[in-house]
Amino acid sequence: MERPMRGKVQARRINCMDTAQTRRWSFGLLALLLAVAAPAYAKDIEVVEGRRGRGKVVETNPIFLDDSPAAQELVSEAHRLRRDGRPVDAVVVYQQVVDQHARRVLRLDERRYLDAQRWVEMELLGEPQLLQVYRRVMEPMAQRQLMLAMQSPQQAEGLEKVVQNYRLCTVGFEAALRLAGLYLEQGNADDAMAVLDQLEDHPDLTDHAARWHWLAAAASLYARQNDRLETHRRALKQL
């Protein structure tokens with residue numbers, strides 16, 4: 001059984017894509033719609049939730065979550081390493097937080113907490129030079145994990161792991177696109193959209209905007225979300 005992606009409610013399986021014939025029809029319709037709309041493309045306590053998309057932080061209702069003293073110690077260690085001018089060691093510690101405590105929360109102050117994985121991502125996105133170091137150090141490991149995922153009979157599960165552990169790497173972006181495409185082949189638009197939404201603040205999005213918008217348009221068509229479909233059609237037309 002496929003595991004649900006982190007940070008989203010288990011998606012409902014839509015029933016409109018029950019057969020391969022219907023899927024082929026939908027992809028054909030989407031291609032026609034995009035060809036008309038975008039010919040240029042045809043020529044790729046209180047908890048704070050760091051919401052993906054534009055790098056904003058929004059406050060949510062007070063709830064109780066599982067915090068982690070061990071994760072907090074790693075955060076302090078990462079801060080010390082950065083102060084000492086050791087960015088490579090710091091990003092290794094950041095990755096430990098993701099690998100070991102992704103589903104825990106970190107204390108921001110006396111009343112506010114943040115998801116540990118999202119805290120790491122926001123720290124990196126807020127420091128371009130540190131993000132560059134992180135991507136350079138983690139890319140080889142992400143690539144190996146992607147290769148294992150593509151060779152696995154549980155391909156979706158493997159791709160989910162790559163996205164969770166290395167989302168900000170170039171390989172993480174590629175894994176997310178492949179995972180979204182796999183969900184679309186299964187007629188699972190909700191999960192596809194959830195994966196694609198995680199890429200809205202990704203550093204590689206500009207270079208691969210066409211692929212992202214095309215997949216997002218496909219997911220929107222499957223889910224019959226006309227407003228989203230029109231948004232991505234307009235974006236494709238402007239590329």
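This is a predicted model: local features need pLDDT of at least 70, side-chain atom pairs count only at pLDDT 80 or more; totals for chains, interfaces and linings use all residues.
Me: Why does Arg224 count as exposed?

Reply: Its relative accessibility is 66%, and exposed means over 50%, so Arg224 counts as exposed. Arg224 lies in the loop between H10 and H11. Another detail to look for there is its positive phi of about 60°, although Arg224 is not a glycine.

Me: How do you know that the length of helix H7 agrees with its number of residues?

Reply: Helix H7 covers residues 155–166, which is 12 residues. The expected span is 1.5 Å times one less than the number of residues, so H7 should span 16 Å. The C-alpha atoms at its ends are 16 Å apart, which agrees.

Me: And what do the buried residues of H7 pack against?

Reply: They pack against helices H4, H5, H6 and H8. Among the buried residues of H7 are Leu159, Val162, Asn165 and Tyr166.

Me: What makes helix H9 "mostly covered"?

Reply: A residue is buried when its relative accessible area is under 20%, and eight of the nine residues of H9 (189–197) are buried. They include Asp190, Asp191, Met193 and Leu196. Around them, the buried residues of H9 pack against H8, H10 and H11.

Me: Why are E3 and E4 called paired strands?

Reply: Two strands pair if there are at least two bridges between them. Strand E3 (residues 105–107) and strand E4 (residues 112–115) have three bridges, in the antiparallel sense, so they count as a pair. A hairpin of four residues joins E3 to E4.

Me: Which residues have the most contacts inside the largest nonpolar core?

Reply: They are Tyr94, Leu124, Tyr134 and Leu196, in a core of 55 residues. H3, H4, H5, H6, H7, H8, H9 and H10 each supply at least two residues of this core, and H8 gives the most, with 10 residues.

Me: What is Tyr134 in contact with, leaving aside its neighbours within four places in sequence?

Reply: Contact means heavy atoms within 4.5 Å. By that cut-off, Tyr134 is in contact with Val91, Gln95, Leu124, Asn165, Tyr166, Leu168 and Cys169. Two residues in that list, Asn165 and Tyr166, are also buried residues of H7.

Methods. Residues are numbered from 1 along each chain as its sequence is written. Side-chain values use heavy atoms; hydrogens and water are left out. Buried means under 20% relative accessible area, exposed over 50%, partly exposed in between (1.4 Å probe, protein chains only). A nonpolar core is a set of buried Ala, Val, Leu, Ile, Met, Phe, Trp, Tyr and Cys residues joined through side-chain atoms within 4.5 Å.
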